[in-house]
Amino acid sequence: AAAVALPLERVVSAKSASRIASSKLPRPYTLPFKVPPVIKPVRSDATTDYYHIAQRTGVAEILPGVKTPVFGYEGISPGPTIRATRGREVVLRMTNELPARHPRWGYEAWTSCHLHGSASLPQYDGYASDITRPGQVKTYRYPNTQDARTLWYHDHGVHHTAENAYMGLAAQYHLVDPLEQSLPIPKGDYEAPLILTDKIFNSNGEFIYDDNGHSGLYGDVILVNGVPWPLMKVEQRKYRFRVLNASLARGFRLQLSTRDPMTVIGTDGGLMVRPQTTAQLRLGMAERYEIVIDFAKYKPGQRVELRNLGVKNSVDYDNTGKIMAFEVTGPAKSLADNAVSDPDGLLNPQAPAMDLAPAMAVQKRKLEVERKNGQWVISGTTWADVVKSDYRKVVAKPKLDTVEQWEIVNKSGGWFHPVHIHLVDFKIIERNGKAPFNYELGPKDVVYVGENETVKVLARFGPHKGRYMIHCHNLPHEDHDMMTQFEVVGDSEGEGDDPITSAPP
Ligand code: C2O
Ligand code: CU
């Protein structure tokens with residue numbers, strides 16, 4: 001993986017006058033590692049777990065002694081983790097209790113909740129224009145029929161996804177199943193989310209939103225689960241991390257300070273067929289990787305850093321090359337589930353989408369992502385075009401349960417675009433005419449399309465008909481307006497039902 005291209009990052013424009021003094025920022029690896037709480041259902045019956053979550057403002061102490069207003073699910077950021085079991089439905093009553101307008105930035109705080117990684121019915125998919133205004137409620141149903149995986153729920157409200165997510169509306173959602181539970185891979189105390197974000201603070205402790213003319217926001221403070229550069233104590237054994245890049249625009253390239261290999265066991269759509277090892281891993285926005293790190297060989301007291309390679313930033317207190325550190329305490333209290341696969345080296349032989357082959361594709365399509373006439377576009381179109389068509393315009397109409405091959409071409413030289421296709425898991429079959437990176441050999445729903453890169457993916461379109469979004473997961477790009485949609489249709493169908501929307505213009 002040595003030839004990985006760096007994610008290009010524009011230098012942060014110096015609004016330094018209003019930035020918080022660097023002396024107020026904690027030194028890396030001084031604050032303790034934290035994990036978001038797991039939320040309990042308000043009730044459960046034979047088939048379903050019911051949750052109530054309110055989107056509301058909260059005050060977080062992210063920098064020691066500094067109060068920062070956030071938007072959070074249940075007022076916290078990251079929000080509470082939902083733990084779901086395959087085969088049991090989740091019904092989620094989501095209330096928008098945010099102020100009518102963002103107190104600083106003035107936009108109307110409408111939201112739309114998307115469970116990223118779920119094959120939801122169209123009306124529960126968090127369609128960007130299906131907004132819930134402050135004071136309104138929407139109940140979502142999640143089928144949880146897919147393989148075990150790390151999903152996340154985050155805001156998708158049209159044109160304000162970036163601000164809402166940046167303010168804190170993002171959280172993990174873990175789907176577990178009997179196969180994953182039976183494998184001897186780390187669990188319980190030896191499993192943790194790592195939700196990576198980056199922020200800029202002003203001298204009052206508020207977040208600064210500066211997306212550099214809708215190209216990207218690059219914060220100088222790196223948070224893991226809401227804590228700047230935390231320190232995690234670990235025992236001498238294996239740990240499993242559910243890594244999620246929840247930043248708006250910052251790509252990461254992960255490497256341990258020891259340069260030891262990490263073992264990747266899962267991708268966006270869950271466990272891989274077999275684990276893969278890599279010393280470096282490129283992580284675009286919204287991508288999830290489950291990574292096992294083995295601390296057995298390190299000495300008590302030893303520190304191992306998780307670093308971000310190849311970062312450029314203009315501010316003098318730049319620590320964006322650091323993410324977090326692990327400090328080894330001593331021997332493991334338990335060595336249960338201290339493996340990276342089953343004894344045959346396998347994880348999930350039936351991993352979703354991994355059985356697909358190019359010969360199965362009944363249709364080939366090409367999508368071009370680029371900047372054109374001052375706009376971010378997908379094959380020449382934007383979400384504004386979709387809105388103008390009364391939500392009918394689509395870039396593709398795959399037939400239900402058929403396999404298609406999509407080629408995604410990044411024609412915008414200086415930018416990478418993590419492209420997310422809703423509804424499906426896909427298999428990356430080619431990257432720039434070559435094999436994909438070994439750590440990408442698992443079910444995916446976001447693909448990192450680097451500068452001038454071309455990737456080919458295969459997906460089976462289903463299990464539902466309907467219109468679903470496809471967009472860049474650089475959220476300022478998505479909001480302006482790098483998003484379009486496709487429609488999964490029946491055999492003889494032309495137009496489908498109108499998607500549910502309460503769209504603002
Ligand atoms: Cu993670 Cu359409 O989103
Ligand atoms: Cu983009």
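A residue is called buried when its relative accessible area is under 20%, exposed when that area is over 50%, and partly exposed in between. Because its relative accessibility is 28%, Trp 105 is classed as partly exposed. The structure described here is a predicted model.

The domain assignment divides the chain into domain 1 (31–182), domain 2 (188–331) and domain 3 (358–488). The centres of domain 1 and domain 3, taken over C-alpha atoms, are separated by 24 Å. To the contact between these two domains, domain 1 contributes 26 residues and domain 3 contributes 25 residues.

The search for aromatic pairs, run over the whole structure, returned 25 of them. One of these pairs is formed by Trp 105 and Tyr 209; the ring centres are 5.6 Å apart and the planes make an angle of 50°, a tilted arrangement. Trp 105 belongs to the loop between β5 (89–96) and β6 (113–116), while Tyr 209 belongs to the loop between β10 (191–199) and β11 (221–224), so the pair ties together parts of the chain that are 104 residues apart in sequence.

Trp 406 and Phe 486 form an edge-to-face pair, because their ring planes stand at 90° with the centres 5.7 Å apart.

A cluster joined by ring pairs comprises Tyr 190, Tyr 239, Phe 241, Phe 295, Tyr 298 and Phe 326. Aromatic rings also take part in contacts with charged groups. The charged end of Arg 43 sits over the ring of Tyr 50, at 3.9 Å from the ring centre. In a second case, the charged end of Arg 371 sits over the ring of Trp 376, and here the distance to the ring centre is 4.5 Å.

Arg 43 is also among the contacts of Thr 48, together with Arg 88, Glu 89 and Val 91, when residues up to four places away in sequence are not counted. Thr 48 is located in strand β2 (residues 48–60). With a relative accessible area of 3%, Thr 48 is buried.

Asp 177 occupies the loop between β9 (170–176) and α2 (178–182). Its relative accessibility is 6%, so Asp 177 counts as buried. The side chain of Asp 177 reaches the backbone nitrogen of Ala 148 at a distance of 3.1 Å. Leaving out residues up to four places away in sequence, Asp 177 touches Ala 148, Asp 147 and Arg 86.

Pro 80 is placed in the loop between β3 (68–73) and β4 (82–85). The relative accessibility of Pro 80 is 4%, and the residue therefore counts as buried. Beyond four places in sequence, Pro 80 touches Pro 37, Ile 39, Tyr 73, Glu 74, Tyr 153, Ala 171 and Gln 172. The C-alpha atom of Pro 80 is separated by 30 Å from that of Thr 277, a residue 197 places away along the chain.

The copper ion (ligand 2) is coordinated at 2.0 to 2.1 Å by ND1 of His 417, SG of Cys 472 and ND1 of His 477. Along the chain, the donors of this copper ion follow the spacing H-x54-C-x4-H. Two of these residues were examined for accessibility. Cys 472 has a relative accessible area of 1% and is buried. His 477 is likewise buried, at a relative accessible area of 0%.

Phe 416 lies in the loop between β24 and β25 (417–421). The relative accessible area of Phe 416 is 2%, which means that the residue is buried. Between the C-alpha atoms of Phe 416 and Asp 342 the separation is 36 Å, and the two residues are 74 residues apart along the chain.

Conventions. Residues numbered from 1 in each chain as written. Chains lettered and ligands numbered in written order. Predicted model: local features only at pLDDT ≥ 70, side-chain atom pairs only at ≥ 80, totals over all residues. Heavy atoms only, no water. Phe/Tyr/Trp six-rings, centres within 6.5 Å; stacked < 30°, edge-to-face > 60°. Helix = DSSP H or I, 4+ residues; strand = E, 2+ residues; numbered from the N terminus. Buried < 20%, exposed > 50% of the residue type's maximum accessible area, 1.4 Å probe, protein only. Lys NZ or Arg CZ within 6 Å of the ring centre and 35° of its normal. Contact = heavy atoms within 4.5 Å. Polar contact = N/O pair within 3.5 Å; in protein donor to acceptor, adjacent residues only side chain to side chain. Donors = N, O, S within 2.8 Å, 3.2 Å for Na, K, Ca; no water. Domains from an automatic or database assignment.
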